[in-house]
Amino acid sequence: MSLSVIIKWGGQEYSISALSEDDTVLDLKQSIKSLTGVLPERQKLLGLKIRGKPADDGTKLGLLKLKPNTKIMMMGSREESLEDILAPPPESDDVINDFDIEEEVIEVENREENLAKIARRVKEYKVEELNPPREGKRLLVLDVDYTLFAATSMKWIDAKMKELGVSDNSNYKITFMLDSGAMITVHTPKRGVVEVKPLGVIWGKYGEFYNRKNTIMFDDIGRNFLMNPQNGLKIRPFMKAHLNRERDKELLKLSHYLKEIAKLDDFSALNHKHWERYLSKKQSQ
């Protein structure tokens, strides 16, 4: 069943209807973030309780017995101050505590509830194109936080990409940038509810250009590949690079790998975990 709620924040009301009883509180927070710009971790939703206790992020909305158009008061502020944006990442960030999806085999890719979430994202999520997709081109999906530079807000990411000349570089064209609204939550046996980055959202919106055979994704967090493990390449996190700028040259090396696999029509047979071995073999031929 579909759910509809009204979020009251900052003197305004925001209506949210693209939710189901199987969605979680975290899914609701992601929808709120898309409307208000307030990050999920900065949101405090008043009145969401289960068995007399505040509902955690993993609680399914169906268990909260919400009436249609229930009004929920939110407390929280946007991450807009320069001090917050430039703050160093915490030492205990889950970039460090991440798990390897090949060691913890979790069959979430084809679960009906997860596919339904992707279908809703395909229908509801608005992609703002910077450049139109080009027929016959491969798709490279790059994580930003700790891959290109340190974690920060989407507003600052947009500004930084322009400042670095990424958005309007004459040597390449970025098609679009996606924020957390394109992510979904999935349930895993050992870690509970976690957020992932389903490439199915892109494939659903741009199926005539991109699919499992021509897509590769770089990310420093392995769990983000749970819905598309074959297409993910886990890299080392870009952290504390200012302390040793010579250490982090992985993206430069990976550019050579991308040039090699771009010659292929189908990436399905590749094991990106062994990209260095593959590149060494190709360069020695």
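The chain has seven helices and eleven strands. Both are DSSP runs numbered from the N terminus: helices are H or I with at least four residues, strands E with at least two. This is a predicted model, in which local features need pLDDT of at least 70 and side-chain atom pairs count only at pLDDT 80 or more, while totals for chains, interfaces and linings use all residues. Residues are numbered from 1 along each chain as its sequence is written, and side-chain values use heavy atoms, with hydrogens and water left out.

Start with the whole chain. Of its 285 residues, 42% are buried. Buried means under 20% relative accessible area, exposed over 50%, and partly exposed in between (1.4 Å probe, protein chains only). Take contacts (heavy atoms within 4.5 Å). Among those between residues at least 6 apart in sequence, 65% join residues at least 24 apart.

Now the open sheet. Four strands line up as β2-β1-β6-β3, with mixed pairing. Here two strands pair if DSSP finds at least two bridges between them. β2 (12-20) and β3 (44-46) each have a single partner strand, so one side of each is left without a neighbour in the sheet. From one strand to the next, the twist averages 35°. Inside the sheet, β1 (residues 2-9) and β6 (residues 70-75) are parallel and share four bridges. Ile7 has Ile72 in β6 as its bridge partner.

Helix α1 (residues 25-36) lies across β1, β2, β3 and β6, at about 135° to β2. Such angles run from 0 to 180 degrees between N-to-C directions, with axes fitted as lines to C-alpha atoms, for helices over the stretch in contact.

Strand β6 also holds Met75. Why does Met75 count as partly exposed? Because its relative accessibility is 46%.

Next, strand β10 (residues 215-219). Is it enclosed or open? Five of its five residues are buried, so β10 is largely enclosed by the rest of the structure. Both faces are covered. Thr215, Met217 and Asp219 are buried on one side, Ile216 and Phe218 on the other.

β10 has parallel partners. Four bridges join β10 to β7 (residues 139-142), and the two run parallel. Val141 is bridged to Met217 in β10. β10 also pairs with β11 (residues 232-234), again in the parallel sense, over three bridges. There, Asp219 has Lys234 of β11 as its bridge partner. Strands of a sheet pair through backbone hydrogen bonds, either parallel or antiparallel.
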